[in-house]
Amino acid sequence: MAIQQPVYFTPAELADIARRYLPRRVMNDFNGLRIQAGGSTEDAIYELRQVHEPIVEIVTLTFEGVRQMRKAGLDPSVSAAAVNLIVDEAVEVLHLWHGRIQELGKQAFAKLQEERTAANPQDEAVFQAYALRRWPQFETLLNAGRSLSEILLAVTDRKDCRVLREGYPAWYQAKYGLNGFDAAVGDMHKQIDRAEERFMSDREKKIAATWQEVEIGLQRMQAAFSQALTAITRCRDHEPTRTAIPLWMPSPEGDNVVWVE
């Protein structure tokens, strides 16, 4: 009687076999998220405020699909191949949404900049003439040791804020080089933003608040992306682990994250 030899499959063959057992609803939902990631939007800011939801859904679908494959009673090699296919799909869709979030952020900032310009129109020729006269005065004060905060306390014309915003970085670099440059310029923007609020209309203050929300929200979604990616890829070799996905912004009820079990 001939001895039956074990059957070995290449990774590609295992993947082909595993595809027959993938959970249909999970894969269909991944495909729906893939399609949504390529869609257009009429209101980038509105969509950004909901954008943690697809990240949560991608992680949820991954956990569900991985658990189903490991409980399906398949050959371990086929089960592992199916899990890898699910994780591969989840990672790809997650990256698509990461790209969409970045693009939505660009659209949001462009829209807010248009609104900011419309709310505070300036004659550029008039401003440039003013800046040529005013910056040397500010430069003299800075060289004499006056701090930016002291200078801002004394400004009475809103154009001075823009003059300082445009002139201070070059002055700092010429005096101190690149040592501490990024931190100094970041602090400059914060100080000038606060000073400029004195001259803002209510509409401008609302635009500024939304601008800040988008900046913070995009940082939170970068953290959400990183945590989701870690949770998904870990599923290749481990059971799904309870994961916290940050909300776009904390909810009025105080919730800061969504937990995916």
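Q: Which helix gives the most to the lining of the largest pocket?
A: In this predicted model, the largest pocket has a volume of about 940 Å³, and the residues closest to its centre are Arg116, Arg165, Asp193, Glu196 and Met200. Helices H5 (76-119), H8 (159-176), H9 (181-196) and H10 (202-234) each supply at least two residues of this lining. With nine residues, the one that gives the most is H10.

Q: How many charged residues does the lining of the second largest pocket have?
A: The second largest pocket, with a volume of about 160 Å³, is lined by residues including Asp43, Arg49, Lys111 and Glu115. H5 and H10 each supply at least two residues of its lining, and the largest share, four residues, comes from H10. By class, three lining residues are nonpolar and one is polar, while the number of charged residues is six.

Q: What is the geometry of the aromatic pair formed by tryptophan 171 and tyrosine 176?
A: Tryptophan 171 and tyrosine 176 have their ring centres 6.1 Å apart and their planes at 85°. Because planes over 60 degrees apart count as edge-to-face, the pair of tryptophan 171 and tyrosine 176 is edge-to-face.

Q: Is tyrosine 176 buried or exposed, or does it fall in between?
A: The charged end of lysine 175 sits over the ring of tyrosine 176, 5.9 Å from its centre. Tyrosine 176 has a relative accessibility of 44%, and because buried means under 20% and exposed over 50%, tyrosine 176 counts as partly exposed.

Key. Residues are numbered from 1 along each chain as its sequence is written. This is a predicted model: local features need pLDDT of at least 70, side-chain atom pairs count only at pLDDT 80 or more; totals for chains, interfaces and linings use all residues. Side-chain values use heavy atoms; hydrogens and water are left out. Rings of Phe, Tyr and Trp (its six-membered ring) pair if their centres lie within 6.5 Å; planes under 30 degrees apart count as stacked, over 60 as edge-to-face and the rest as tilted. Buried means under 20% relative accessible area, exposed over 50%, partly exposed in between (1.4 Å probe, protein chains only). A charge sits over a ring if NZ of Lys or CZ of Arg is within 6 Å of the ring centre and within 35 degrees of the ring normal. On a 1 Å grid over the protein atoms alone, a cavity is a set of points where a 1.4 Å probe fits but cannot get out, and a pocket is an open set with protein on both sides within 12 Å along at least five of seven lines; lining residues have an atom within 4 Å of a point. Grid points are joined across faces, edges and corners, and a volume is the space filled by probe spheres set on the points. Ala, Val, Leu, Ile, Met, Phe, Trp, Tyr, Cys and Pro count as nonpolar, Asp, Glu, Lys and Arg as charged, and the others, Gly among them, as polar.
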